[in-house]
Every structure is written in structure tokens, then in C-alpha cells.
Amino acid sequence: MAPPPGIEQLVQCVRPIAFDTQIPSASFSVAGTGYLAGYKSDVFLVTARHVIRGLSYQRVIVYPTDRTSSPLRLTAGWSFHSDGNEDDSSDIFIAKTDPNALGGGTKRRSRVLNLNSKHSSGWATSRYGSMFFCAGYPKIDTYADYETQQIKYRPFLLYGNYLGTSTDDGCHKLQLKNPHRLSSFDGLSGSPVFSIPHSIGLAAQPTFAGMLIRGTASLGLVHFLESEMILSALEEVARDA
């Protein structure tokens, strides 16, 4: 299935996440997926909290483009918890970036998901009549190459349909196709989820629906946290930043 118009450009904001291991012989390790989001006047890195594994934001490594040799500078980080619990409804990590530290060419090539637009939370009204997409970096095809000191990766785009609400507040289920025959969805946590309404004679635009939290490849089942929860967390961070 060919990606719908607009999806390929949105996918460019999705980035693989690694972390500094502090081990000289294996200085970094692959963690999962995240995305660069513009909110208010700042640019943030957003991913699932469990992807970071409780590490400080200073140890998170993310490159803004495929052609960049220097990682983004992260200046602050926030991990969210719901009443002290670590359920899916609060599985969010946000780090503030310093895009001014990037060179001019890198800044022009990098892409950011604009979450300031009013339609960012409008996906729910047509969820049963929409196609859903998520883009990320499964660990089965993402790895650390220590000889070249590079992260080797390629993005995967998966699509499917809405199933219904999940057990935790603000969480939902999708039934995904698995045309790549991935044996595991490990590494896709933190991937942004988009929806596109089925329409006749109209070029529907992708809408940010939320963030993938977990899934089971053998069942084609994934759980995602709705965009409203992400936007609420970003609003809280924007007040503190």
C-alpha cells in the first residue's frame, strides 16, 4: 500500500533514539523511537517514558536528520507518572531541544511535527471511519555499529484500523497490518500515530492521533496514547520550560 499524501513528510519528524551507555567499548545503545514536536515556540523530543528506562535526559541521543553527525542538544527533560503509577496513560517522556545549536543546513533539513494547529485533537470524531498509520524504528532492524560509531536504521510505516478504547485512561487499540512480517514490535514504542479519514473526492489530511505505547506483532495489536494526553503534557512542560 502506497503512503497517503502528506504521510511521508510527517515521517521525517520521527527519529530513532539511542542512549549513552558510559561504556567506552560500546558507547551507545539503541532505545526506541521518538519524534520532534513543535509546541508554542519550542521544539521538543517526545517518546514513551519506558523507552528512556529511567535515564537522565543528558544520556539520550537523537540525531535531527539522517545526514547529521552531531546529536541534538537537549536542555531539560520531564518524565510523567499518573498518581505515582506507571500505567500506559502517563507513559510520556519529553525533552526540550536547542535547535539554535544546529548548523544552518541541518536546521533546514530537519522536520518538526507542528502541534500548535487546532485540528491536532480532531481525530476522534471519525476514528471508526479512518485509516491509522504509525512510523518508527523496530529494534529488529535498528542497531549500533561500533566500528563506524553510527546507528544503523530504517523507518517502518505500518497501517491499520481503530478497534476501541484500551484499559487505561486515554489509551486506545489498533489492529495493524504487518506487511513487513516483523516478528516483534519492540522499538516502535514512542512512534507517533496519525489518522486519515476515508473520504470520497476529498484529499483528507493526516491528523496526529497520539503515540504508540506497546504492541504484539503476532496479533497485529497495538495500544496508543491519545493526542490529547500528549498535548496536555506538552502544555505542562511549556509552562515550566
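User: What makes strand E8 and E13 a pair, and how do they run?

Analyst: Five bridges join E8 (residues 130-136) to E13, and the two run antiparallel. Two strands pair if DSSP finds at least two bridges between them, so E8 and E13 qualify. Within that pairing, Phe132 stands opposite Ser195. Strands here are DSSP runs (E, at least two residues), numbered from the N terminus. By the way, this is a predicted model, where local features need pLDDT of at least 70, side-chain atom pairs count only at pLDDT 80 or more, and totals for chains, interfaces and linings use all residues. Residues are numbered from 1 along each chain as its sequence is written, and side-chain values use heavy atoms, with hydrogens and water left out.

User: Which bridge partner does Phe194 have in E14?

Analyst: That's Phe208. E13 and E14 (residues 207-216) pair in the antiparallel sense, over four bridges.

User: What makes the Thr21 side chain and Ile23 a polar contact?

Analyst: A polar atom of the Thr21 side chain lies 3.2 Å from the backbone nitrogen of Ile23. The cut-off is a pair of N or O atoms within 3.5 Å, one able to donate a hydrogen and the other to accept it; residues adjacent in sequence count only if both atoms are side-chain atoms.
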